[in-house]
Amino acid sequence: MHRPFDDHVRPHPSAAEPPGPWRGAVEPDPAEVDPVVLGALLDRHGWRRRGGAAGRYTRWTPPGPLTGGTSLLVPESKAFPDCEDLLGEAITALVRSAAPSAKDVLVGLTVPSDEIRWWRDTPAGGPSGTASWTVQEQLRSAARQMLLAGALAARERAGYYGGRHRRQAQALLGGVLVGPAPGGRSLTAFVPVESGRALAVRLCHAVQATREAIDYQRATGGTEAFDAAVRAGVSRELTEAVIALVRGSEGARVAVEWSPAAGVPQGCAARMEPVEFSPGDLPVLREAGARYLQDEPSVPVRITGTVVRMRRSGPRGAGTVRLRVLAGADVPHVRVALDEDAYRTAGQAHLVGLPIRVAGRLESRGGFRRLTDASGVAPVPVDEAERDRLMKSLQEIPDFFDEAGEQEGGGRRRNRFASGPSGSVRFEMRTHFVSGTRPPSVRRDRCQTSV
């Protein structure tokens, strides 16, 4: 079975088509199939060549002891007189074949794709050596983490990404299909060349650089190789993915095979030998991941965003706001600590439906989700249509401007803003007590400021 490689819940395949280049894909058209590409895919997926007429066609049978009488006649080139007829018969036989590898060959013919494979060596957990459900889920989760790390590195090189670039990276993975192998100990991801070649190339280089950096540190004790490996795409996200792949197993391997239709990308070997990792590599990987997390510097940014939450401990003083980022940083949300004047400016901008602009440093601690040294807070003028759209999107957030504060005296403190008479802003601080407590009194403080 092949399905989109995505964490989000998707409709049943019968109710929706896969996204991206797979949308509307049908059986390959024999007139469009290159017999050389078909032969390369059959060889890659273990089909056996059984001879044929030299210079005219070859005969292929599926892997395994039970072939079921299936065999394919594949012409050597399109110059063969009956080339299209033979290709049509071969594709029909692949569609009807019970061999799992037949589906993989059809996927490679339908959309030119690079294939990324993972193997985990785990003890047998079921009959005929089948892996348990938990083991299969661990493999799938680790593979997705590794693909996400490759997609992040294809966009920008960094030792640690946190929340940066994740929306774009996850969107890229929406076009990847996954096909588990029998037994549940291996997995293949089909990455379309048109949209994902950069991901496959970057992941290929990054996995090899990770192996070389591990070997260097275990041999010399030095960590310099991990610093240089960042340029190849190694990051904390990748080291965490390799840890997840190896943990709980006796070893794991990763390999990339290029689409025969698209050819080998520049700067890559025609064939990548599987890169192996063992449980003995885990301490080095954990140390490297911690180093990446600690050493990644903060980033100076100038962010434009809409206020979705506000919080402070009392009716006056400094506070914290949460912004939904519209421009200036590749993260969805950030938290910003503001002084009293800037906090008031942010509240007033929200009440009139305007985003704000603020400069500061995006801190790596916390995943690049916090802005420090904030300055220059000011509303950003927008036209009426854009203002209405922003206000509507904020109203769809169930708890905006109503975030629970810290527990104090058995109660929860909340800040609430509302428009008052004559364009004023009314701030209410209400203390709501947890069920089961009986406070002596309930206090409400109000203050008003002009817009």
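## Exercises on core and helix packing

Leaving aside neighbours within four places in sequence, M146 is in contact (heavy atoms within 4.5 Å) with W118, L203, V207, L238, A241, V242, L245 and V254. The model is predicted, with local features needing pLDDT of at least 70 and side-chain atom pairs pLDDT 80 or more, while totals for chains, interfaces and linings use all residues. Residues are numbered from 1 along each chain as its sequence is written, and side-chain values use heavy atoms, leaving out hydrogens and water.

**Exercise 1.** State how many residues the largest nonpolar core has, and which have the most contacts inside it.

*Solution.* Begin with the term: a nonpolar core joins buried Ala, Val, Leu, Ile, Met, Phe, Trp, Tyr and Cys residues through side-chain atoms within 4.5 Å, where buried means under 20% relative accessible area (1.4 Å probe, protein chains only). The largest such core has 56 residues, and those with the most contacts inside it are I116, W118, M146, L147, V207, L245 and F277. A second, separate core of 24 residues includes V301, A342, Y343 and L362.

**Exercise 2.** Determine how helix α4 is oriented to helix α6, and which residues make the contact.

*Solution.* Helices are DSSP runs (H or I, at least four residues), numbered from the N terminus. The axes, lines fitted to C-alpha atoms over the stretch in contact, with angles from 0 to 180 degrees between N-to-C directions, come within 8 Å for α4 (residues 133-155) and α6 (residues 193-220) and cross at roughly 105 degrees. Therefore α4 is roughly perpendicular to α6, a term covering 65 to 115 degrees. Finally, M146, L147, G150, A151, A153 and A154 of α4 meet A198, L199, R202, L203 and V207 of α6.

How values were computed
Buried < 20%, exposed > 50% of the residue type's maximum accessible area, 1.4 Å probe, protein only. Helix = DSSP H or I, 4+ residues; strand = E, 2+ residues; numbered from the N terminus. Parallel < 35°, antiparallel > 145°, perpendicular 65-115°, else oblique.
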